[in-house]
Amino acid sequence: MKPGDRIKVFAPATVANVACGYDILGFAIDFPGDELIMELTEKKGVEIVDIVGDGGVLPRNPLTNSASVAIMDYLNYIHADFGCKIWIKKMMPSGSGLGSSAASAVAGVYAVNMLCNEKLTKHEMLPFLLNSEKVACGSAIADNVAASLFGGFILVRSYEPLDVINIPVPEDLWCAVINPQVIVLTREAREILPKEISITKSVRQGANVGGLIVGLLRGDYDLIGRSLIDYIAEPYRSKLIPGFYDMKEAAIHAGALGSSISGSGPSVFALCKGEETARKAGNAMKAVMDKMGIEANVYVSKVNPTGPKALPFMEE
Ligand code: HSE
């Protein structure tokens, strides 16, 4: 590794919580995601040269931007005597419920690790990403960052110590995600949740997490659908998403196994068996937004199995 070495990477967006798994379940999707270019410099520290696609809202200060915070933690951890410059291309808005801050931070640590000859494992990099989530949204949550970093469908079994487990998914599992152009800040969407829940709800929530995981492992699509119920966040956060229950109903009517809020919203996901059903579910949710006059983007994807990847530099 030497000053001037460069890399361009992509890190995927994620669907966190997945209905019943508040703060403990998440999966990566193929698109959207964030791109980041990194160049090593003799000067220590991280310089954010440019961010495009964020409408100017993301912090340019390296101490408060999720990507630079994670990269700085990495550089400090390896006692680097060099630094880097970064360029970030956002392909999803922040406050979208698609793990936007997580994708930038994952792209950042993946890039610096590649330029440092893969010095650290993904498990070793995860704490830096938790810290960057804390800076971005006030809570060190792993569901988005772990899903984007490892790819696949993940369970955060424990936070202390961190224990992230990959859950195999059935071959024909597809997801439709709609991102209405409404902003819901994770920090605020966490604040509106009650601090405690009843034992009854906790028992039901746990049973659905178990059901969802068994459904994924067995390829039992009906069980997956029956388990996509959230007693913790959806009843409160649905109020922040215009037309939420209409979108959910439309997706299920179109054949989806189940549907709920992606991360802290406003994006809404629907899990489906097969690509065609996922496209129908996405279109059905989009029709609800069209009727309400709310701009929205729809993404249809399998669970992305790989997480971040290096991209070729195109001739400018
Ligand atoms: N599990 C998090 C939440 C996802 O629902 O607040 C957002 O990072």
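This is a predicted model: local features need pLDDT of at least 70, side-chain atom pairs count only at pLDDT 80 or more; totals for chains, interfaces and linings use all residues.
User: How many Å apart in space are Ile 86 and Ile 37, C-alpha to C-alpha?

Analyst: Ile 86 sits in strand E4 (residues 83-89), where strands (E, at least two residues) and helices (H or I, at least four) are DSSP runs numbered from the N terminus. Its contacts (heavy atoms within 4.5 Å), leaving out residues up to four places away in sequence, include Ile 37, Val 46, Ile 48 and Ile 71. Ile 86 and Ile 37 are 49 residues apart in sequence, yet their C-alpha to C-alpha distance is 5.5 Å.

User: Which strands does the pair Lys 8 and Glu 35 tie together?

Analyst: Lys 8 and Glu 35 form a salt bridge, with the closest N and O atoms 4.0 Å apart; the rule asks for a side-chain nitrogen of Lys or Arg within 4 Å of a carboxyl oxygen of Asp or Glu. Both Lys 8 and Glu 35 are buried. Since the two partners are 27 residues apart in sequence, the pair ties together strand E1 (residues 6-16), which holds Lys 8, and, holding Glu 35, strand E2 (residues 25-41).

User: Which side chain of opposite charge is nearest to Arg 237?

Analyst: Arg 237 lies in helix H8 (residues 234-237) and touches, among others, Asn 17, Tyr 22, Arg 190 and Ser 264. For charge, Lys and Arg count as positive and Asp and Glu as negative, with His and the chain ends not counted. Arg 237 is buried yet has no salt bridge, and at 6.2 Å the nearest side chain of opposite charge is Asp 23.

User: What is the N to O distance in the salt bridge of Asp 290 and Lys 286?

Analyst: Both residues lie in helix H10, 4 residues apart, about one turn of the helix. Asp 290 is partly exposed at 46%, and Lys 286 is partly exposed at 25% relative accessibility. Their side chains meet with an N to O distance of 2.8 Å.

User: Which helix holds Met 247?

Analyst: Met 247 is buried, with 0% relative accessibility. Its contacts beyond four places in sequence include Ile 178, Pro 180, Met 285 and Val 288. Met 247 and Val 288 are 41 residues apart in sequence and 6.0 Å apart in space, C-alpha to C-alpha. The helix that holds Met 247 is H9 (residues 244-253).

User: How are H3 and H4 oriented to each other?

Analyst: Residues of H3 including Leu 126 and Leu 130 meet residues of H4, among them Val 145 and Leu 149. Helix H3 (residues 122-137) and helix H4 (residues 143-150) pack at about 140°, with axes 9 Å apart; axes are lines fitted to C-alpha atoms, for helices over the stretch in contact, and angles run from 0 to 180 degrees between N-to-C directions. Under 35 degrees counts as roughly parallel, over 145 as roughly antiparallel, 65 to 115 as roughly perpendicular and the rest as oblique. H3 and H4 are therefore oblique.

Note on methods. Residues are numbered from 1 along each chain as its sequence is written. Side-chain values use heavy atoms; hydrogens and water are left out. Buried means under 20% relative accessible area, exposed over 50%, partly exposed in between (1.4 Å probe, protein chains only).
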